[in-house]
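Subject: Structure for your review

Dear colleague,

Please find the structure below, together with its sequence. My findings follow it, arranged by region.

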Amino acid sequence: MELSEHLSNILKSLPEKPGVYQHLDKDGNILYIGKAKNLKKRVSSYFQKEHLSGRLTMLVRKVSDIQVIVTDTEFDALLLENNLIKKYQPRYNINLKDDKTYPWICITNEEFPRIFPTRKKLNDGSAYYGPYASVKVMRTVLELIRTLYPVRTCKMPMTERAVKAGKYKVCLEYHMGNCKGPCEGYQTKEDYQKEIEGARHLIKGHLNIVKQILTEQMNALAAELNFEEAQKTKEKIDALLRYQARSSVVDFNIKEADVFGLVSDAEFAYVNYLKIVDGGIVNSLSTEFKKKIEETEAEILELAIPHFRNVFDSKANEIYTSHPVEIDIPGVKIITPARGDKRDLVELSIKNAAYHRIERLKNLQLTDPDKHINRLMQQMKSDLNLEVEPRHIECFDNSNIQGTNPVSACVVFRDGKPSKKEYRHFNVKTVEGPDDFATMKEIVYRRYKRMLDEGQPLPQLIVIDGGKGQLNAAIESLRELGIENKVKILGIAKRLEELYFPNDPLPLMLSKKSDTLKLLQHLRDEAHRFGLSHHRKKRTQSALKTEITEIPGIGHQTAALLMKNFGSLKKIKDANMENLIQVVGKAKAEKIFSYFHGEKAEPN
C-alpha cells in the first residue's frame, strides 16, 4: 500500500528493540495497541503485505500515526500492552475483561486485620484474593478460615494503643467462641497476626503448610499436657483434611502451576485459568474475549496469561497452555504438554472453557436471540469459508425403499431456523429404479429452474444429504442452469459427518461440538424426516390403490376412510361385517368382506 511521508519516516526510524506500539487515526484516537520483540520488524509488517482479514486491512488504512514505547524486555512489553489495552480499550483490540463483577476475599491493612468477602477491589493497601467464579467456593473457604482461625468480625478501627487504653469491650462473638477477644487484650497482637498468616496460607491454597503448623501446635499442647486445647487443634486438622479431600487433587508432584485452556469461534475466544497449588486446584476462572481482527489462539493466550496472573497475583514458575505461545517470562517455564498428567490438566481447562462458552451461548439465546443468530451465522461463514453469511439455506434428501415410490424433499432454513411453509416435496418423474444420483440431479434442477423462472432469490448455501456422488449430481444441475458460481453447495455424509465441497478431494471434518455442524445435522435430519413422511404417505396410497381400490365399487375416498378408521390394510382384512358397516355402510361392507374372505357374511 502507498504510505504517507509521515508514516514512511516513522517506519524508517523505528528501533529494533522490544516494546509496545500504538496505531492512531487522523484524530489521534488509538486504534490498536500491540507488543513486539522487534518494533521495527513487527510494525513494518503491517504495511508490507496484503492481509487476508478484512478488518485488519481496514485498520491499516485508517492508521495516520504510530507511537512506540521501548521496554527493556519482551516481558515488560507484554505487561505494558496488557495494561494499556485495559485502560484505553482500542477499537481493534481484543476486549479484555477486568473481572469487577466477581467476589474477592479481602484481608484489610490494619493492626488487627479483618477478613471478609467483597466485590469491590480498592487500592487501599489491603490484600485481595480471588476472584472467585463461584460464591459457594468462596464461602466454603471463609467458613474454613473461621473454623481454624477465629479472627474478629467487628468493624471497629482497632489499634494496639486503643486496646491498652481500654477503649473496647468484647462482644457476643467472644462469648460464643468465635473470637479470642483481642479488643480487650485477651489475644496479643503477635498471636492475632499468626492467625492472619495462617488464613493467608489457606486462601493461597498452601494447605500442607497450614496442616504442618497445626500439627506442630497440637504436639506442643499435648507435650504441655494441655489435652483440651490439643483436642481442639486436632479437630481443626480434621476439618482441614475434609476440605482438602473435597478439593480437586491432580498431582502432588505439581507444587505450583498455572494452566490455560482456550476454545474459540469466529468472534469470541473463551479462556479458562486453573491455579494449581500443592497438587490441587485452588481456583478456576473462565473469561470471554471478543476478537476484533481475527487474532490467533496464540495471540489471545499471550494477552490472557499476564491478565490472569496479574488478577490472581500468581508467581507460579510453570505454565501449561493448550496452544503454543511465543512469550518469554523471566524464571517461568511455559510448555504445551502433549501427554501425561500435565496434558490431562490442560484438557480439563479446555473442558471448562468449552463449558463456559456453552453457558454463555445458552444465556445469549434466551436474552438476545438476534445476537445469538448473528454469532451463529458469522461462525458458519468462517467455518465453511463462505463469502457471505448463510441466512438462507436449503437442504435436499431422497427417500425410497428398494426403488419403490421414489420421492425427494427440500427443507428451507432462514436465520438458522426452519421455515416450514417453504418446505417442498418432489415426486420423481424422469428416473426409473433406485438411482440416487439421477434423482438428486432431477430435483435440484427442478427446484432452481422454477426459482429462476419466478425471479426468486437463490439461497446462500445448498446442503446435499450424501457424499461426493450426490454432490456432483447436484452440481451438474447448477452448471446446466448457469448458477454454479452464484451459490455455495456442500454435501454431508452421515457415517463420519464429513463435509464435501466441489473440487476438494478431502472432506472437512468439524468438531462434533461445533455449532456449524449441529445446524447442518439439523438441516439433514429435518430433510430426512420431511421426505420420509411423504414417502410413507405415497406407500400407503400405493398399497390402497393396489389392494382396496381393486375391489369393484370401492374408490379412493372409501379406501382413505377405511385406513383412517382401521389404521392398516391387515386390520381392514381382519375386520368383521359389523365394524365395516359402521364405517362404510352395508353395501360396500359386503363387497369388501366378500373380496377378502370369498364369502358373504351377515352382521351379528
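A polar contact is here a pair of N or O atoms within 3.5 Å; within protein, one must be able to donate a hydrogen and the other to accept it, and residues adjacent in sequence count only if both atoms are side-chain atoms. Please bear in mind that this is a predicted model.

**E111 and its surroundings**

By this criterion, the side chain of E111 makes a polar contact with the side chain of K189, at 3.5 Å. E111 is located in the loop between β4 (104–107) and β5 (115–118). With a relative accessible area of 30%, E111 is partly exposed. Setting aside neighbours within four places in sequence, the contacts of E111 are M158, T159, E160, K189 and Q193. E111 and Y192 are 81 residues apart in sequence, yet their C-alpha atoms are 9.4 Å apart in space.

**The sheet beside this loop**

Taken together, 3 strands form an open antiparallel sheet in the order β5-β4-β6. The edge strands are β5 and β6, each of which pairs on one side only. On average, neighbouring strands of this sheet are turned by 30° against each other, direction ignored. Both faces of β4 are covered: W104 and C106 on one side are buried, as are I105 and I107 on the other.

**Helix α8**

Helix α8 covers residues 189–204. The helix has 16 residues and reaches 23 Å from its first C-alpha to its last, close to the 22 Å expected at 1.5 Å a residue. The buried residues in α8 are Y192, E195, I196, G198, A199, R200, L202 and I203. α8 is followed by G205, whose phi is positive, near 90°.

**Asparagines with positive phi**

Most residues other than glycine have a negative phi. N385 is not a glycine, yet has a positive phi of about 55°. N385 lies in the loop between α13 (369–383) and β13 (392–401), and is exposed, with a relative accessible area of 67%. N503 likewise has a positive phi, near 60°. The loop that holds N503 runs between β19 (498–500) and α16 (515–546). N503 is exposed, at a relative accessible area of 82%.

**A buried asparagine, N272**

N272 is found in strand β9 (residues 268–277). Its relative accessibility is 0%, and N272 therefore counts as buried. What does the side chain of N272 make polar contacts with? One partner is the side chain of S284, at 3.2 Å. A further polar contact, of 2.8 Å, joins the side chains of N272 and S349. Not counting residues up to four places away in sequence, N272 touches V259, F260, G261, S284, L285, S286, S349, N352 and A353.

**Cysteines**

How many disulfides does the structure hold? The structure holds 0 disulfides. C179 is in no disulfide, and the nearest cysteine sulfur, that of C183, is 6.1 Å away. C179 counts as buried because its relative accessibility is 12%. The cut-off used for a disulfide is a pair of cysteine sulfur atoms within 2.5 Å. The sulfur of C410 is 8.0 Å from the closest cysteine sulfur, in C395, and is therefore too far away for a bond. C410 is buried, with a relative accessible area of 0%.

Yours sincerely

Technical notes: Residues numbered from 1 in each chain as written. Predicted model: local features only at pLDDT ≥ 70, side-chain atom pairs only at ≥ 80, totals over all residues. Heavy atoms only, no water. Buried < 20%, exposed > 50% of the residue type's maximum accessible area, 1.4 Å probe, protein only. Helix = DSSP H or I, 4+ residues; strand = E, 2+ residues; numbered from the N terminus. Contact = heavy atoms within 4.5 Å. Expected span 1.5 Å × (residues − 1). Pairing = 2+ DSSP bridges. Axes fitted to C-alpha atoms, helices over the stretch in contact; angles between N-to-C directions.
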